[in-house]
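Subject: Structure for your review

Dear colleague,

I am handing over the structure below, and after it you will find what came out of going through it. Please read the notes with the model open beside you.

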Amino acid sequence: MTNGRESEKRPSSSRREAAEERVSAPEAMRSAIEQLTELLGRAPESVSALKPTDEGWEAQVEVLELERIPQTTSVMAGYRVALDPAGKLLAYERGRRYTRAQVDR
């Protein structure tokens, strides 16, 4: 049996529930790195972008794809990673590939 006070304690909207369950930005970054490492077998070098979305988090992760000498000729790749609010990986997609020395225009 429930009383009126118990129902008052419950969040009034699903948006509030999602916000309460969302991991912090640093936790989302660590989660993206750990899970992508497990899938690719290579450790990402950096997270260049991270933003909250309605579905959770979206990150841009930079990965060393092919190590060369000199290092400036090594091939890097940017991966777009989608995480749910709890930080679990939902999807990833490799975007552009570039040499380490390449500078964006």
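Before the details, one term is needed: pLDDT is the predictor's confidence in each residue, on a scale from 0 to 100, and a contact here means heavy atoms within 4.5 Å. Please keep in mind throughout that this is a predicted model. Over residues 6-12 the pLDDT stays under 50, and for this stretch the model has three contacts beyond four places in sequence. Where pLDDT is low, the predicted coordinates should not be read in detail.

Across the chain the average pLDDT is 85, with 80% of the residues scoring at least 70. Confidence is lowest in helix α1, residues 4-9, where the mean is 49, and highest in strand β3, residues 75-83, where it reaches 96.

Strand β3 is also where much of what follows is set. It runs antiparallel to strand β4 (residues 89-99), and eight bridges join the two. Together β3 and β4 form a hairpin with five residues between them, and in the turn G87 has a positive phi of about 95°. Within this pairing, L83 stands opposite L89 of β4.

The structure holds one aromatic pair. Its members are Y79 and Y92, whose rings are tilted, with 6.0 Å from centre to centre and 45° between the planes. Because Y79 lies in strand β3 and Y92 in strand β4, the pair ties together parts that are 13 residues apart in sequence.

Two arginines lie over aromatic rings: R22 over the face of W57, at 5.3 Å from the ring centre, and R96 over the face of Y98, at 4.1 Å from the ring centre.

Finally, which residues does S74 touch, leaving aside those up to four places away in sequence? S74 lies in the loop between β2 (56-66) and β3, and its contacts are L64, L66, E67, R68, Y98, T99 and R100. Since buried means under 20% relative accessible area, S74 counts as buried at 1% relative accessibility.

With kind regards

Conventions. Residues numbered from 1 in each chain as written. Predicted model: local features only at pLDDT ≥ 70, side-chain atom pairs only at ≥ 80, totals over all residues. Heavy atoms only, no water. Helix = DSSP H or I, 4+ residues; strand = E, 2+ residues; numbered from the N terminus. Buried < 20%, exposed > 50% of the residue type's maximum accessible area, 1.4 Å probe, protein only. Pairing = 2+ DSSP bridges. Phe/Tyr/Trp six-rings, centres within 6.5 Å; stacked < 30°, edge-to-face > 60°. Lys NZ or Arg CZ within 6 Å of the ring centre and 35° of its normal.
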